[in-house]
Amino acid sequence: MLALMVVATTTAFAQEDVVKQIMKLKDYNEAEAALKANLNTMNSEEKAQCYNKLVTLSLDAVNKEVQSETPSDEFFVALYNAFENAQICEQFDQQPNSKGKVKPRFHNNNRDRLFPLRWQLINGGINGQKNNNNEQALKYFGTYVITGIGQLCPLFAEVDNSADTNITNMSYWAGYHAYLAGDYESANMFSEIALQDPELGKEALLVKLAVAEKTLKTRQDSIAYCENLEKIYESDKTNDLVFGTLAGFYTALDMQDKQSVLFEDKLKTDPNNFTVWVNRGETAERAENLDEAVECYKKALITQPNNAAVLRQVGICLYNRAAGAEDKAASKTGRAPKAALEQIMPVYEESRGYLEKAKSIDPEQKEVKWGYALYRCYYRLYGMDDERTKQAEIDSKK
């Protein structure tokens with residue numbers, strides 16, 4: 001028994017020495033390393049005390065640059081560390097002490113010294129964007145959002161933050177960068193908060209939809225997702241993002257009956273709806289109903305006359321229609337009669353007009369590959385030796 005008492009006393013003194021040593025350290029990295037190495041041997045009071053020390057060391061670095069017009073990366077690292085460690089400190093500070101009572105020691109001080117710096121987290125997120133670092137942008141924008149919502153951050157629960165109009169906006173950017181970083185759980189959480197933003201709410205919904213698509217694994221998942229989309233769409237039939245996504249899923253899941261009902265309902269209020277007519281054009285084109293496809297695509301162009309992708313598809317359908325008619329007319333003699341060509345050549349010309357317009361909108365073919373289609377059209381209209389045909393052949397290989 002005496003031996004056990006000696007060991008327990010020695011351990012207690014050693015632990016007290018570790019905490020005292022951490023309290024004396026002036027370098028953040030040293031203090032953090034010492035804390036993590038001894039964390040499992042500390043009680044909640046000691047953990048709170050040591051994490052509070054990390055907050056203080058972080059703020060020492062922050063305060064050196066807080067007035068700077070161009071804070072360094074080190075400034076933002078220290079800023080994040082201050083908020084991160086303060087929240088961990090809060091968790092331990094709110095636990096019962098050795099006497100079984102909850103008596104927070106650091107709550108008020110950390111709340112008061114950190115909250116005035118919270119707006120700098122937005123700059124940290126912007127700095128992450130400038131560095132093309134999605135994880136960094138998520139970290140700072142996300143911390144800004146979390147520390148502004150009392151239910152998520154008890155440290156600032158007493159602060160009246162009702163006037164903060166940036167929370168939903170920054171939540172969109174946190175969700176957006178989380179999605180790009182592949183952190184779909186965070187992307188979904190922040191996008192949910194951002195749905196209330198008056199400017200970016202619809203974009204936030206798009207992120208949520210993209211996250212859902214990324215996490216679908218089975219057909220049953222997709223069907224359940226469609227059912228959820230149907231509910232969202234029923235609550236707001238003006239939301240084109242949901243409408244387009246739902247239409248796409250109906251196509252992917254071969255739910256043509258549901259898609260037809262969806263489209264007919266939409267055309268009652270929006271007879272020139274772009275999504276409806278593009279989808280119908282694609283369906284007709286796949287079925288090789290080229291006349292119907294051209295008609296549908298042209299209706300889509302009523303609302304988006306400069307959509308290069310649709311312009312190209314009209315051109316391709318017209319070319320294929322003309323080429324098919326010419327082949328049929330030439331099937332008996334090997335050469336289409338003059339009377340037939342008089343009707344066919346204007347269709348090639350019409351095809352050329354649509355393809356050239358697509359080219360004028362996207363000359364570098366960054367979004368739409370129109371080169372080969374235009375080459376075929378020029379070849380038929382002008383022959384292989386024409387300079388236009390030669391240039392189109394070069395463009396077709398880009």
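The backbone nitrogen of Val276 lies 3.0 Å from a polar atom of the Asn273 side chain, in a model that is predicted. Asn273 itself sits in the loop that runs between helix H13 (256-269) and helix H14 (274-286), and, with a relative accessible area of 5%, Asn273 is buried. The two side-chain distances are set out below.

| Asn273 group | Partner | Distance |
|---|---|---|
| side chain | side chain of Asp270 | 3.0 Å |

Once neighbours within four places in sequence are left aside, Asn273 is in contact with Asp240, Phe243, Lys266 and Leu267.

The largest nonpolar core of the protein comprises 56 residues, and those with the most contacts inside this core are Leu229, Leu246, Leu262, Val310, Val314 and Tyr348. Helix H16 (residues 308-329) gives the most to this core, contributing 10 residues. With neighbours within four places in sequence again set aside, Val310 is in contact with Phe274, Val278, Tyr297, Ala300 and Leu301. Apart from this core lies another, of 38 residues, which includes Val55, Phe76, Ala78 and Val207.

As to the overall fold, the protein has 19 helices and zero strands. Its radius of gyration is 32 Å, well over the 21 Å that the globule rule gives for 398 residues, so the protein is more spread out than a compact globule. Along the principal axes, the C-alpha atoms fill a box of roughly 115 × 45 × 45 Å. Buried residues account for 43% of the 398 residues, while the protein exposes about 22,300 Å², of which carbon and sulfur atoms supply 51%.

How values were computed: Residues are numbered from 1 along each chain as its sequence is written. This is a predicted model: local features need pLDDT of at least 70, side-chain atom pairs count only at pLDDT 80 or more; totals for chains, interfaces and linings use all residues. Side-chain values use heavy atoms; hydrogens and water are left out. Helices (H or I, at least four residues) and strands (E, at least two) are DSSP runs, numbered from the N terminus. Buried means under 20% relative accessible area, exposed over 50%, partly exposed in between (1.4 Å probe, protein chains only). A polar contact is a pair of N or O atoms within 3.5 Å; within protein, one must be able to donate a hydrogen and the other to accept it, and residues adjacent in sequence count only if both atoms are side-chain atoms. Contact means heavy atoms within 4.5 Å. A nonpolar core is a set of buried Ala, Val, Leu, Ile, Met, Phe, Trp, Tyr and Cys residues joined through side-chain atoms within 4.5 Å. The radius of gyration is taken over C-alpha atoms; the globule rule is 2.2 Å times the number of residues to the power 0.38. Accessible areas come from the Shrake-Rupley method with a 1.4 Å probe; for residues, only the protein chains shown count as cover.
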